[in-house]
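Student: Please take one part of this model and look at it closely. I would like the helix packing, with the residues involved.

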Amino acid sequence: MISSLEKKFSVKIYIHTFPQTSWPIRYRFASKTDEPRLYSYLQLFAKEFSKYPKSFIVRTGLEKIIVVKDLQIYGQLRAAIPDFYRENLLLDFLNSTGYAIYQKHVIHHEYYHMIEEQFNQSPYWQDPSWNRLNPSGTRYGAGGVTVQNQINMYTYSHPRLGFVNLYSLSGLEEDKAEIFASLFVREEWQLVQKWQKTDRVLFAKVRYMQEFLREIDTSFTREYWARLER
């Protein structure tokens, strides 16, 4: 299965070895008894990454997918970590087991941080064009790392004009990553579709993100989005 996924997505996949990372990462490899859950997670990952044109994955510079358990950085457990400097996307196959929507979402969300670094030179780029889409007076928080353990951060609740959840208010970079992820997770996209009918800011953010992706890869046509929705 690993070799077929590597060929399909043009990346290396690590499950029993751990390549060098930019930061001190704590983790454990899957044990023999974990194998059914690891296999199930790899199937979920394959389904989500199959939503991207292969040419897009190549253009983003992603090189390695690392799948482990008990993934931690600086003492915080994480479902995924984007190592944008070494082109590693680290995933925890056990984190949030039973919450498939979140497991799918976090794959796309963290991948977007790598995309932002690849094309805008920083995963934390304070995109002025994006910021201008917000209502006057909008202020973001101090970043996603500061709200990791707060309750109801990730629930899609449309807390205010232009925002899909509370986590998107924690930082401009998180807002963009949440919008990106929502385009690829059906359950979330259905909510965004409904909200953007009466939320002009959210509508504008979705269009901005789709146009940005089309600049990277012309495969992101109107027809592509229609097929993905089906």
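Tutor: What follows looks at one helix pair, then at a neighbouring helix and a loop residue. The model is predicted.

Start with helix 4, residues 100-120, and helix 8, residues 200-216. Their axes come within 12 Å. They cross at roughly 60 degrees. Perpendicular would need 65 to 115 degrees, so the two helices are oblique to each other. The crossing of helix 4 past helix 8 is left-handed.

Now the side chains. Helix 4 brings Tyr 112, Ile 115, Glu 116, Phe 119 and Asn 120 to the contact. Helix 8 answers with Met 209, Phe 212 and Ile 216. By class, this contact has 6 nonpolar, 1 polar and 1 charged residues. An α-helix has 3.6 residues a turn, so residues three or four places apart point the same way.

Helix 4 also meets helix 2, residues 35-49. Helix 2 has 15 residues and reaches 21 Å from first C-alpha to last, close to the 21 Å expected. Its buried residues are Leu 38, Tyr 41, Leu 42, Leu 44, Phe 45, Ala 46, Glu 48 and Phe 49. Besides helix 4, these pack against helix 1, strand 1, helix 3, strand 3 and strand 6.

Last, the loop between strand 6 and helix 4. Leu 94 is found there. Its relative accessibility is 22%, so Leu 94 counts as partly exposed; buried would need under 20%. Leu 94 touches Asp 34, Arg 37 and Lys 69, leaving out residues up to four places away in sequence. Leu 94 and Asp 34 lie 60 residues apart in sequence, yet 8.9 Å apart in space, C-alpha to C-alpha.

Definitions and conventions. Residues are numbered from 1 along each chain as its sequence is written. This is a predicted model: local features need pLDDT of at least 70, side-chain atom pairs count only at pLDDT 80 or more; totals for chains, interfaces and linings use all residues. Side-chain values use heavy atoms; hydrogens and water are left out. Axes are lines fitted to C-alpha atoms, for helices over the stretch in contact, and angles run from 0 to 180 degrees between N-to-C directions. Helices (H or I, at least four residues) and strands (E, at least two) are DSSP runs, numbered from the N terminus. Angles under 35 degrees count as roughly parallel, over 145 as roughly antiparallel, 65 to 115 as roughly perpendicular and the rest as oblique. A crossing is left-handed if the near helix is turned anticlockwise from the far one by less than a right angle, and right-handed if clockwise. Contact means heavy atoms within 4.5 Å. Ala, Val, Leu, Ile, Met, Phe, Trp, Tyr, Cys and Pro count as nonpolar, Asp, Glu, Lys and Arg as charged, and the others, Gly among them, as polar. The expected span of a helix is 1.5 Å times one less than its number of residues. Buried means under 20% relative accessible area, exposed over 50%, partly exposed in between (1.4 Å probe, protein chains only).
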